[in-house]
Amino acid sequence: MHSRAGIVLAGGFARRFGDRDKTLAEFRGRPLIVHAVEPLRAVVERVVVSCRREQRPAFEPVLSDVEYRPDPTPDAGPLAGLDAALEGLEAETVAVTSADRPLVPAGLYRSLLDSLSKEGVVIRADGIDQPVPAVFETRALRRAVTEQRSNGTRRLRAVLDALDCTTLDGETITRQWGEDVLADVNTQADLDRLEE
Ligand SMILES: Nc1nc2c(ncn2[C@@H]2O[C@H](COP(=O)(O)OP(=O)(O)OP(=O)(O)O)[C@@H](O)[C@H]2O)c(=O)[nH]1
């Protein structure tokens, strides 16, 4: 059986956003993390939320049917969060996104999943391959994460250096799915702009 999982990275401290938990900030009437989880859940069998232990009580009332993988060490970075989320994950394919990207539709995940022929499918936007949203062979991603963490990096993008991925053109993606489909929220101003 071909099994698919999703991972939502949500454990950052969102320092550019301010004092509140960015992932719970309201966007179009719902917390950001809900916008990240729901389209993903439509295309995979299980969704794993990679977060800090203390975030879980606030996530539970707004997210249903997800699993939590708390960071073993808080603030160790997204690559460490991804590593913990992959541990014991039984799925052949994994779609990865971040909780601060509220406009990635289920259809985009479907086309990423349909395009998977090598170790991963990523989108190249502004000349740079983006590690999220992206789809990977779970085994290859696990290997790449282990390899890059052993090199001492915290950067999520570093996994792409250790993977043989197909690249989709960002302009084609935004033409099809909307200008802000790949937008991430770093600041309150980013959120205000997307709300407009
Ligand atoms: N599980 C986990 N996720 C993380 C960690 N650091 C960042 N992330 C997530 O990775 C995604 C991208 O994070 P960044 O934009 O680099 O960091 P951020 O914490 O959101 O924001 P800044 O502190 O303002 O840079 C976000 O969804 C974060 O929640 C971490 O240590 N653990």
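Which residue just after α3 takes a positive phi? Gly88 does, with a phi of about 70 degrees. The model described here is predicted, so local features need pLDDT of at least 70 and side-chain atom pairs count only at pLDDT 80 or more, while totals for chains, interfaces and linings use all residues. Residues are numbered from 1 along each chain as its sequence is written, and side-chain values use heavy atoms, with hydrogens and water left out.

Helix α3 spans residues 78-86. Helices (H or I, at least four residues) and strands (E, at least two) are DSSP runs, numbered from the N terminus. Of the 9 residues in α3, 7 are buried. Buried means under 20% relative accessible area, exposed means over 50%, and partly exposed lies in between (1.4 Å probe, protein chains only). The buried residues of α3 are Leu79, Ala80, Gly81, Leu82, Ala84, Ala85 and Leu86. Their cover includes β1, β4 (46-51), β5, β6 and α5. Contact here means heavy atoms within 4.5 Å.

The packing of α3 against α5 was examined next. Two packed helices are described by the angle between their axes and the distance between the axes. Helix α3 packs with helix α5 (residues 138-150) at an angle of about 135 degrees, and the axes are 10 Å apart. That angle makes α3 oblique to α5. Axes are lines fitted to C-alpha atoms, for helices over the stretch in contact, and angles run from 0 to 180 degrees between N-to-C directions. Angles under 35 degrees count as roughly parallel, over 145 as roughly antiparallel, 65 to 115 as roughly perpendicular, and the rest as oblique. The crossing of α3 and α5 is left-handed. A crossing is left-handed if the near helix is turned anticlockwise from the far one by less than a right angle, and right-handed if clockwise.

On the α3 side, the contact uses Leu79, Ala80, Leu82, Asp83 and Leu86. On the α5 side, Thr138, Leu141, Arg142, Val145, Gln148 and Arg149 take part. By class, this contact of α3 with α5 has 6 nonpolar, 2 polar and 3 charged residues. Ala, Val, Leu, Ile, Met, Phe, Trp, Tyr, Cys and Pro count as nonpolar, Asp, Glu, Lys and Arg as charged, and the others, Gly among them, as polar.

Most residues other than glycine have a negative phi, and most peptide bonds are trans. Ala14 has a positive phi of about 50 degrees although it is not a glycine. Ala14 sits in the loop between β1 (4-9) and β2 (26-27). Its relative accessibility is 17%, so Ala14 counts as buried. Asp75 also has a positive phi, near 65 degrees. Asp75 belongs to the loop between β5 (67-70) and α3. Asp75 is partly exposed because its relative accessible area is 28%.

A cis peptide bond joins Val132 and Pro133, with omega about -10 degrees. Val132 is in strand β8, and Pro133 is found in strand β8. At 5% relative accessibility, Val132 is buried. Leaving aside residues up to four places away in sequence, Val132 touches Val96, Thr97, Ser98, Arg101 and Leu156. Val132 and Asp184 are 52 residues apart along the chain, and their C-alpha atoms are separated by 10 Å.

Strand β8 (residues 128-137) also holds Glu137. Glu137 is partly exposed, at 34% relative accessibility. Residues up to four places away aside, Glu137 touches Glu92, Leu116, Lys118 and Glu119. Glu137 and Val121 lie 16 residues apart in sequence and 9.2 Å apart in space, C-alpha to C-alpha.

UniProt positions are given in the numbering used here, feature names are shortened, and annotations may be inferred rather than shown by experiment. The annotation "domain: MobA-like NTP transferase" covers residues 6-163. The span of residues 6-163 is 28% helix and 25% strand, and its end C-alpha atoms lie 18 Å apart. UniProt lists Asp100 under "binding site". Asp100 lies in the loop between β6 (93-98) and α4 (106-114). With a relative accessible area of 12%, Asp100 is buried. Not counting residues up to four places away in sequence, Asp100 touches Lys22, Leu32, Ala183, Asp184, Val185 and Asn186.
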